[in-house]
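Please look at the sequence and the model below.

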Amino acid sequence: MVTELIKAENNYQAAFRAARQARPTAAWAELVRGSAMDRFEQLGFPTIAAEDWKYTNLAPFLKERITPVVASETSSDLRERKASFGYAETQDTNAVLVNGFFSNELSSLVGLQNVVAMDLLEAIADARYGKIAREYVARNANYHDNGLTALNTAFLQSGLFVFVPRNVKLEAPLEITFIADSTEPHIANFPRVLIVSEQNSSATIIENYVSAGDASYFTNAVVEVVLLEGARLEHYRVQRESNNSVHLATTAAELGRGSSYDATSITMGAQLSRHNISVVLDNEGAECWVDGLYIVSSDQHADTHSVIDHKQPYCTSHQLYKGILDGNGRAVFNGKVFVRHGAQKTDAMQTNKNLLLSSRARVDTKPQLEIFADDVKCAHGAAVGQLDPEELFYLETRGLNPTLARNLLTYGFAEEVIGKIKLESIRTQLDEAVLNQLHTKLQA
């Protein structure tokens, strides 16, 4: 096992040297990339020996020789299928990344007004945005303690830079479509996004992870979000990658004074997926909603780790994650809420609910609170169960057949999270995707 991990790491080292030659960048960014690669060599891939990874084992997926992507071209097939990957509301506000590389050809950004969306490496080199990128790249997504974040940072070759200036309201949502496209198996792609919203700005951003085929591949994504004073961001994340893929992602958000961050994550794809989300409330009056839904079918594994860090007083956080598991599917939820010394008047709520549709399904859930202040309102809870026989019986007595009654209750369980999404076409498409994933329909 150790030998396999070492071989994989050596493969990444060779690809790193090639990527550095192919995509040079500013001196400070080169130092960051080199430091991140050094740190990855020290940390390596996480193993089940680490407490946070005890239920999620990457070793079986590292047996194959994984090839990092160091260049990407837009295939004719993607050009033809471009419209199928986006949503109606984002036809003119869609930034597309193919295998982690920003694609001007597939992107359509004519609907953006006073908002910047551009290749991250180009932003680093730009006189107007280079200072912003330098201040925030790798600041919240700390690569010093996380081998996967270190690896993504080392392979910073492209990505997306989003900048919402002071007092600007983005009327249309901005979609970021991540397409995994390869005719060869076992490629690794490293999407990277930096979102900076200045004072009193407002925006809605959708992350949409899809695949162009059913190949086996490895996604290691990092998204950093910075909200300055009074900024508001609605952040939707939909992961529907190939069921033969491995999807590992980190979302790191930093909230300014009086800012608002509303995040909703939907996980349906990948054979193995893991989403680490971290929200730091280091300014008074900040608030966040961190909600999610994971739907896990047979032979799928979905892992969610969240950390909400209350560092200053008068901050609020709400978290609701729901899971639906079928077959031999497995899920992990570990949510941590820290309330630091001096963070008085904190209001934090954390809930995880899971619905098991099969006796073979399994979930490991562990909500946690660590409180070091004495004037706070905090609560957490977790529940794991099956469909209520009395509710099924009630629906059947009202004329619904047993299959439809079961489907209706399952759909209703998921809809509490999906209903938060305010964009109609996205919500409708997710409704259909959820029903397809569950192999259900709401018609008799």
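## Salt bridges

The structure, which is a predicted model, holds 21 salt bridges. Side chains of opposite charge can pair when their charged atoms come close. The protein has 41 positive and 54 negative side chains. The centres of these two sets lie 3 Å apart.

Some of the bridges join up: Arg 20, Glu 30 and Arg 33 are linked in a network.

Arg 139 and Glu 254 meet through their side chains in a salt bridge, with an N to O distance of 2.5 Å. Arg 139 lies in the loop between α5 (130–136) and α6 (147–154), while Glu 254 belongs to strand β12 (residues 246–255), so this pair ties together parts that are 115 residues apart in sequence. Arg 139 is partly exposed, its relative accessible area being 39%. Glu 254, in contrast, has a relative accessible area of 16% and is buried, because the cut-off for buried is under 20%.

A second pair is Glu 234 and Lys 422, whose closest N and O atoms are 2.8 Å apart in a salt bridge. Here a strand is joined to a loop: Glu 234 is in β11 (residues 232–239) and Lys 422 is between α8 (402–418) and α9 (424–438), so the parts they tie together are 188 residues apart in sequence. Lys 422 counts as exposed, at 57% relative accessibility.

## A bridge between Arg 128 and Asp 126

Arg 128 forms a salt bridge with Asp 126, and their closest N and O atoms are 3.0 Å apart. Are the two partners buried or exposed? Arg 128 has 58% relative accessibility and therefore counts as exposed, since exposed means over 50%. Asp 126 has 17% and counts as buried.

## The fold as a whole

The protein contains nine helices and 21 strands. Among contacts between residues at least 6 apart in sequence, 84% join residues at least 24 apart.

Along its principal axes, the C-alpha trace spans about 70 × 50 × 45 Å.

## Surface and interior

Of the 444 residues, 59% are buried. The accessible surface comes to about 18,500 Å². Carbon and sulfur atoms account for 47% of that surface.

How values were computed:
Residues are numbered from 1 along each chain as its sequence is written. This is a predicted model: local features need pLDDT of at least 70, side-chain atom pairs count only at pLDDT 80 or more; totals for chains, interfaces and linings use all residues. Side-chain values use heavy atoms; hydrogens and water are left out. Helices (H or I, at least four residues) and strands (E, at least two) are DSSP runs, numbered from the N terminus. Buried means under 20% relative accessible area, exposed over 50%, partly exposed in between (1.4 Å probe, protein chains only). Contact means heavy atoms within 4.5 Å. Accessible areas come from the Shrake-Rupley method with a 1.4 Å probe; for residues, only the protein chains shown count as cover. Lys and Arg count as positive and Asp and Glu as negative; His and the chain ends are not counted. The place of a charge is taken as NZ of Lys, CZ of Arg, CG of Asp or CD of Glu. A salt bridge is a side-chain nitrogen of Lys or Arg within 4 Å of a carboxyl oxygen of Asp or Glu.
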